Amino acid sequence: IQDGRVVYVVVGEKDVQTLETLGLVATCCMGGACEKSSKWLPEWTESLVGGKVAILPDNDAPGRNHASVVREAITGVVESVKVVELPGLPLKGDVSDWVANGGSREALERLVGMRRIKTLDLSELIMYEFPPKTHIMEPWLYSQDLVLVHASRGIGKTYFLIGLTMALATGTEFLGWQGAEPVKVLYVDGEMPGVSLQKRFAEVIEAIPGSVSIGAMPKIVTPDIQGRPLRSLSTSEGRSDLLEVITDDVNVVILDNLACLYGGNENDAEAWDAMQSFLLLLRTRGIAVILVHHSGKSGQQRGTSHREDILDTVIQLRKPGDYNPADGARFEIHFEKSRNIEGHAVPQIEARLDRINGGLAFTWQTISDSIMQQIVTLYNEGMTQRDIAEEVGINKSNVNRRIKELRKANILDAK
């Protein structure tokens, strides 16, 4: 009923099973046809409140009396009710006979008049009261958003995601982005040993000022406590498993990472369609999903670009041009796609993982400020503008312009 599906009321259990084999939802009352109102129990009416109901009577007097009793009992408490006389039924025939003689789901739905796809006139669309999308993390993450974060191996994306998770869960700031209010996060890890994930969450929580309340703690899925492998999200069974733990209070789901949780042929666009439908289902429930993936050699997300079709935001974590392995987790954050915001609203930033208050937390600056600092250092070391441009990864004219700005501000060493 909550999904807007039609509930078929039939006379017996055999007919229920027949309709279930067609993928439909059906029910019946105990004891066969209710030819008198007194036989229809109030709790059966209560179970159908708000539903769209189609009654399929048997082709005999008890069946038609049953349909009248049910319709009278539920009218006014259901969204709609319709008695459907099936064509071509023999005397005392039922829906099971009708299906056995060639009746199909599509034919039944046409008789019921319930289309599987709804349409709106433009005027209805304009006036329709859709649930509003709400900010979860200013300025780029909203409810219902589908987001991809991709990066090369070893760049620090798990720490990035854990930091983001805790900021979402506590409604606090992260890398200059502000959590609107605390939300419930489900973090699904498919790769890391449980003890390593435990250590990283503990390090991030240690650096958070004050204490984190129990209510703000995210839910965690780790393979190490399952006792068996997590089933792949490329299968209907794996997606069903995940739906069981995405409870009504969950606002954000983080899937870390696709290579482990989804697997399969990454270049098979058609195979992704079932997963795409699953993500769209979560969107209809108001849930934001953050997918984590590896970058390919080209720097783009690995595998089929078909994944990006429905995404609202694509974020890449990228090593700076002057990166040194001694820097540890240090990367630039680039928004490659964002439907919700104008490009200038999210500055490209550089983040670095540092020890803070005995734990680990990110500090950050804009990439523009980082480039300025690199230019100052390299210029003061005597490097030419051409060499600076090559080292920093910007064109020479850009270097020249910034050097002029720095000279005016008396930041560069005199030469």
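Predicted model: local features only at pLDDT ≥ 70, side-chain atom pairs only at ≥ 80, totals over all residues.

Trainee: At what angle do the axes of helix 7 and helix 8 cross?

Mentor: Helix 7 (residues 157–170) and helix 8 (residues 194–206) cross at roughly 55°, and their axes come within 10 Å. The two helices are therefore oblique to each other.

Trainee: Which residues make the contact?

Mentor: Helix 7 contributes T158, Y159, I162, G163, T165 and M166, and helix 8 contributes L197, R200, F201, E203, V204 and I205. Contact means heavy atoms within 4.5 Å. The residues of this contact divide into 7 nonpolar, 3 polar and 2 charged. Here Ala, Val, Leu, Ile, Met, Phe, Trp, Tyr, Cys and Pro count as nonpolar, Asp, Glu, Lys and Arg as charged, and the others, Gly among them, as polar.

Trainee: And helix 9 with helix 11: how many Å apart are their axes?

Mentor: The axes of helix 9 and helix 11 (residues 273–284) are 11 Å apart, at an angle of about 15°. Helix 9 and helix 11 are therefore roughly parallel to each other, and their crossing is right-handed. R239, L242 and L243 of helix 9 touch A274, M275, F278, L281 and L282 of helix 11. That contact divides into 7 nonpolar, no polar and 1 charged.

Trainee: What about helix 12 and helix 13: at what angle do they cross?

Mentor: Helix 12 (residues 367–380) and helix 13 (residues 385–392) cross at roughly 140°, with axes that come within 10 Å. Helix 12 and helix 13 are therefore oblique to each other. The crossing of helix 12 and helix 13 is right-handed. I371, Q374, I375, L378 and Y379 in helix 12 meet I388, E391 and V392 in helix 13.

Trainee: Changing topic, how many disulfides are there in the whole structure?

Mentor: A search finds 0 disulfides, a disulfide being a pair of cysteine sulfur atoms within 2.5 Å. For C29, the nearest cysteine sulfur is that of C34, 3.2 Å away.

Trainee: Is C29 buried or exposed?

Mentor: C29 is buried, with a relative accessible area of 3%. Buried means under 20% relative accessible area, exposed over 50%, and partly exposed in between (1.4 Å probe, protein chains only). C260 is partly exposed, at 39%.

Trainee: Where is I225 found?

Mentor: I225 sits in the loop between strand 11 (219–221) and helix 9 (236–245). I225 is exposed, with a relative accessible area of 64%. I225 and K199 are 26 residues apart in sequence and 16 Å apart in space, C-alpha to C-alpha.

Trainee: Finally, which helix does T18 lie in?

Mentor: T18 lies in helix 1 (residues 13–21) and counts as buried at 15% relative accessibility. Leaving aside its neighbours within four places in sequence, T18 is in contact with S96 and V99.

Methods: Residues numbered from 1 in each chain as written. Heavy atoms only, no water. Axes fitted to C-alpha atoms, helices over the stretch in contact; angles between N-to-C directions. Helix = DSSP H or I, 4+ residues; strand = E, 2+ residues; numbered from the N terminus. Parallel < 35°, antiparallel > 145°, perpendicular 65-115°, else oblique. Left-handed = near helix turned anticlockwise from the far one by under 90°.
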